[in-house]
Amino acid sequence: MGSGCLKVTKYFLFLFNLLFLILGAVILGFGVWILADKTSFIAVLQMSSPSLKTGAYILIGVGALTMLMGFLGCLGAVNEIRCLLGLYFTCLMLILLAQIAAALVIYFQKETLKVELSGIVVDLIENYDPSDEDKRNLQDAWDYVQTQIACCGWTGAKEWENNEILRNKSNTEYPCSCSNRSKDLVEGRGFCNLEDPLNGTATYADWPVHEQGCMDGVEEWLKDNLGIILGVCTGVAVIELLGMILSISLCKNIHSEDYTKVPKS
């Protein structure tokens, strides 16, 4: 092939790897966000399920490796180093296969993850204690979810009746973050006093709280964020495939170009 085609392939590969470098930074940043976020439902999952924290570290590792591969691809393309391009192609293929494997695992384990999530939230509600500083971040994260989604409990407010503190107070208090009154939301956490409880007792039906459970809202939230994750991963996969095609093409072009430069005897 001509030197013109070689140059075009080389610079296309260089541009692709710049984009690859940026996407690697996005993946790495997403992993760091999962570990650092303390104000959304991610915090509930992270502090209750070690699998999410492990996944965040994997994302950071994949992001860093992706950035490294983007750098190696740029270097190999500009300097036309065949062994570096071959290494780049092999690593891209391994990363792509790992992504496909991870996607399959998540897909086939989604029901297990859903059951695990339900158990985490129910346990959090039953053991919710505003005075427990050790679980402050976790409880604040759940209060944030209930306030933002305008919901109460996992499937409904009735689940809060199983909270030990509320049970001991005959349900004359209710979670402030569940309230449908703006003055309770100023506090945003802990328990609020029910005004004029009948005979000093009450049920969840007497509370001024949202009737809807958070399950539907949280699932929608997760689906929205999953779309972002899948979009990023799909974009990376497409760039990986194009990078593989361009790198192997450049390798062949460099090889052909080398042979054309050999003087005939």
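1. Disulfide pattern. Counting bonded cysteines along the chain, the disulfides of the protein follow the pattern 1-6, 2-4, 3-5. The structure holds three disulfides, a disulfide being a pair of cysteine sulfur atoms within 2.5 Å. In general terms, a disulfide is a covalent bond between the sulfur atoms of two cysteines.

2. Basis of the note. The model is predicted: local features need pLDDT of at least 70 and side-chain atom pairs count only at pLDDT 80 or more, while totals for chains, interfaces and linings use all residues. Residues are numbered from 1 along each chain as its sequence is written, and side-chain values use heavy atoms, with hydrogens and water left out.

3. Cys-151 and Cys-214. The sulfur atoms of this disulfide are 1.9 Å apart. The torsion about the S-S bond is about 95°, so the disulfide is right-handed. The bond links distant parts of the chain, with Cys-151 in the loop between α6 and α7 and Cys-214 in helix α9, 63 residues apart. Helices (H or I, at least four residues) and strands (E, at least two) are DSSP runs, numbered from the N terminus. Both Cys-151 and Cys-214 are buried; buried means under 20% relative accessible area, exposed over 50%, and partly exposed in between (1.4 Å probe, protein chains only).

4. Cys-152 and Cys-178. Here the S to S distance is 2.2 Å, and the disulfide is right-handed because the torsion about its S-S bond is about 90°. Cys-152 lies in the loop between α6 and α7, and Cys-178 in the loop between β1 and α8 (182–187), 26 residues apart. Cys-152 and Cys-178 are buried.

5. Cys-176 and Cys-192. This disulfide has its sulfur atoms 1.9 Å apart. With a torsion of about 120° about the S-S bond, the disulfide is right-handed. Cys-176 belongs to the loop between β1 and α8, whereas Cys-192 belongs to strand β2, 16 residues apart. Cys-176 is buried at a relative accessible area of 0%, and Cys-192 is buried at 10%.

6. Aromatic pairs. The whole structure contains three aromatic pairs. Rings of Phe, Tyr and Trp (its six-membered ring) pair if their centres lie within 6.5 Å; planes under 30 degrees apart count as stacked, over 60 as edge-to-face and the rest as tilted. The rings of Trp-160 and Phe-191 have centres 6.2 Å apart and planes at 85°, so this pair is edge-to-face. Trp-160 sits in the loop between α6 and α7 (164–168), and Phe-191 in strand β2, 31 residues apart. Trp-160 is buried at 0% relative accessibility, and Phe-191 is buried at 17%. Ring pairs link Tyr-128, Trp-160 and Phe-191 into a cluster.

7. Nonpolar cores. A nonpolar core is a set of buried Ala, Val, Leu, Ile, Met, Phe, Trp, Tyr and Cys residues joined through side-chain atoms within 4.5 Å. Of the 25 residues in the largest core, Trp-142, Trp-160, Trp-207 and Val-209 touch the most other members. Helix α5 supplies the largest share of this core, four residues. A second, separate core of 20 residues includes Leu-23, Met-69, Ile-95 and Ala-237.

8. Asn-171. This residue is in the loop between α7 and β1 (173–175) and is buried at 10% relative accessibility. Leaving aside residues up to four places away in sequence, Asn-171 touches Glu-161, Leu-166, Leu-194, Ala-202 and Trp-207, where contact means heavy atoms within 4.5 Å.
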